[in-house]
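Hello,

Here is the structure I promised to hand over. Have a look at it, then read my notes below.

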Amino acid sequence: MIQPSISITVPGQQTGPAKLRLYLLDQLSFAPDRRRPVILILPGGGYERRSDRESEPIAMKFLAMGCHAAVLEYSVAPNCFPVALRELAGAISELRSRAEEYHINPRAIIPCGFSAGGHLAASLGAFWNRPEIYGGGAGLLSPDQARPDGLILSYPVITSGPFCHKGSFERLLGGQADDGTKRELVSLERQISPDFPPVFFWHTVTDSSVPVENSLLLASALKQNGVNFEMHIYPSGIHGVALGTEETAGIDHRALEPCCQSWISLVQSWLEDRWPAA
């Protein structure tokens, strides 16, 4: 069952509101009280666009696992940090507020980000209890409303340092892209704390756009802060490989990568361990 989109508006947007597209499973007659996790998908695109390869096909996979899914059409350039972050916080708050209506487990709302969408998801993981960043300081949200319960990150943009994806940070920060303080703020390996949620993430060694060092730096920071994580590094695969299947490869045969296809089953096990069906 697909619900109409929900508009997510925050102050400072230069374009229209973000759209939250919902993919909700019907309640089952034999489990009428079931409350399902919801996976909030954030497609990649370098903060310039949002990739179709990393949106609805991913939602279909999570529906097949018994999860609800949603895709956030978050703001990209010319909107700059922290507009998309505030939209994500607002989307999580909206889902949590509708938990009873949509049969959502309000303690199992999990952003799933790809590439720059992974940076967006991890940003909320780092900043969810810093209300001056995501908008709660203006009385819009409380930290508990915006808190992600876990994160799923696929070949994420993490660092603004030597291994950065330059274009993502130029579009994320706009005219402040050369501001050292701003760049350090959005270099997420520097922003991890023990309050970061548990995270599943994966990358490929041969990613030439967002180097695997992004995930390695994240893993090191998570370990130093005692954050629970599961990481998988695959030996081959281009950037943006998504599911690595014919479905998400389309006409780009480079994105057909059997080596990477196991990540979706591995993340299913990760989810079921933490949020078993009730």
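**What I found**

F229 is partly exposed, at 30% relative accessibility. F201 is buried, with a relative accessible area of 0%. Buried means under 20% relative accessible area, exposed over 50%, and partly exposed in between (1.4 Å probe, protein chains only).

Before more details, some ground rules. This is a predicted model: local features need pLDDT of at least 70, side-chain atom pairs count only at pLDDT 80 or more, and totals for chains, interfaces and linings use all residues. Residues are numbered from 1 along each chain as its sequence is written, and side-chain values use heavy atoms, leaving out hydrogens and water.

The whole structure holds 10 aromatic pairs. Rings of Phe, Tyr and Trp (its six-membered ring) pair if their centres lie within 6.5 Å; planes under 30 degrees apart are stacked, over 60 edge-to-face, the rest tilted. F201 and F229 make a tilted pair, 5.8 Å centre to centre, with 40 degrees between the planes. W202 and W263 are stacked, at 5.3 Å and 20 degrees. Both W202 and W263 are buried. They also belong to one aromatic cluster with F114, Y155 and Y234.

Now look at E189. Its side chain makes a polar contact of 2.9 Å with that of T159, and another of 3.0 Å with that of S187. A polar contact is a pair of N or O atoms within 3.5 Å; within protein, one must be able to donate a hydrogen and the other to accept it, and residues adjacent in sequence count only if both atoms are side-chain atoms.

Best wishes
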